[in-house]
Amino acid sequence: MSNTYDTAANFYDLGYQYQGDVPFFQRYAQNGPVLELACGTGRASIPLAESGLRVHGLDLSPSMLQAFRAKLTKLPEDVRQRITITQGNMASFDLGEKFPLIIIPCRAFQALTEDADITGCLQAAKNHLAKDGRFIVNCFVPKKRMRHWCYPVRIDWQRDGVTCKSLGERVDTKRQIIYVVMIYEHGENQRIEEPLELRYYYPRQLRKLLRDAGFRIVERYGDYDDGKIKRHGGEQIYVCEVAQ
């Protein structure tokens with residue numbers, strides 16, 4: 001299955017370290033609780049809980065959540081008590097709770113490639129958002145030429161004895177999906193491949209999608225330092241509320 005990091009969960013954190021987004025989320029967290037969709041290994045959930053917030057993390061991948069739970073064993077008891085983990089699909093979930101803040105960090109929303117899953121995720125998020133709550137979603141802004149995503153195997157990074165390579169297989173410009181294979185090499189014989197399928201959105205498209213789902217965009221940024229969204233490349237971050 002694409003996009004779940006089921007075989008490479010133990011290497012995920014090496015490539016996705018500090019993103020600068022946690023302090024940004026804390027600005028909107030009020031007193032919690034916070035719902036993180038596609039929480040993965042807890043990269044954002046754990047520091048949010050360490051700051052005193054109650055956090056509920058939801059993710060589809062058993063392997064990613066196993067890595068998350070392994071981290072919990074090393075945390076103080078009071079931090080562990082503030083974290084709830086649920087295995088589930090962000091395209092369709094019902095947790096029976098409302099949240100003042102719901103986040104989908106690190107472009108994880110783009111892992112949903114089917115229209116029904118995309119609209120299902122936004123509807124479920126809206127159903128779980130507390131009155132006057134905020135929903136924050138982040139995607140990249142496509143570069144001017146999407147053939148940028150078609151490339152031979154290249155080295156992305158080398159860290160702690162792990163070499164991460166990637167292969168840009170193809171781009172479906174009609175469905176707006178990029179197909180990438182992440183390759184992790186460790187030691188002499190260990191080689192793991194993780195296929196990714198990511199849907200891309202031009203800013204106007206994503207804004208319309210959010211509005212059609214019943215959200216009102218309160219703020220928009222091109223990075224987590226409150227920069228402006230660029231025309232090509234970089235990030236698009238939207239802070240939303242339920243439209244009245």
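Select Thr-7: leaving out residues up to four places away in sequence, it touches Ile-192, Glu-193 and Glu-194 (contact means heavy atoms within 4.5 Å). This is a predicted model, where local features need pLDDT of at least 70, side-chain atom pairs count only at pLDDT 80 or more, and totals for chains, interfaces and linings use all residues. Residues are numbered from 1 along each chain as its sequence is written, and side-chain values use heavy atoms, with hydrogens and water left out.

Stay on Thr-7. Its side chain meets that of Glu-194 in a polar contact of 2.6 Å (a pair of N or O atoms within 3.5 Å; within protein, one must be able to donate a hydrogen and the other to accept it, and residues adjacent in sequence count only if both atoms are side-chain atoms). Thr-7 lies in the segment before helix H1 (9–15). Helices (H or I, at least four residues) and strands (E, at least two) are DSSP runs, numbered from the N terminus.

Now show the sheet. It is open, with 4 strands in the order E6-E7-E8-E9 and antiparallel pairing; two strands pair if DSSP finds at least two bridges between them. Strands E6 (151–159) and E9 (190–199) are at the edges with a single partner strand each, so one side of each has no neighbour in the sheet.

Next, select E6 and E7 (residues 162–172). They pair in the antiparallel sense over 6 bridges. Find Tyr-151: its bridge partner in E7 is Gly-168. Then pick Gln-158, which stands opposite Thr-163 in E7.

Last stop: the hairpin of E6 and E7. It has 2 residues between the strands, and Asp-160 takes a positive phi near 50° there.
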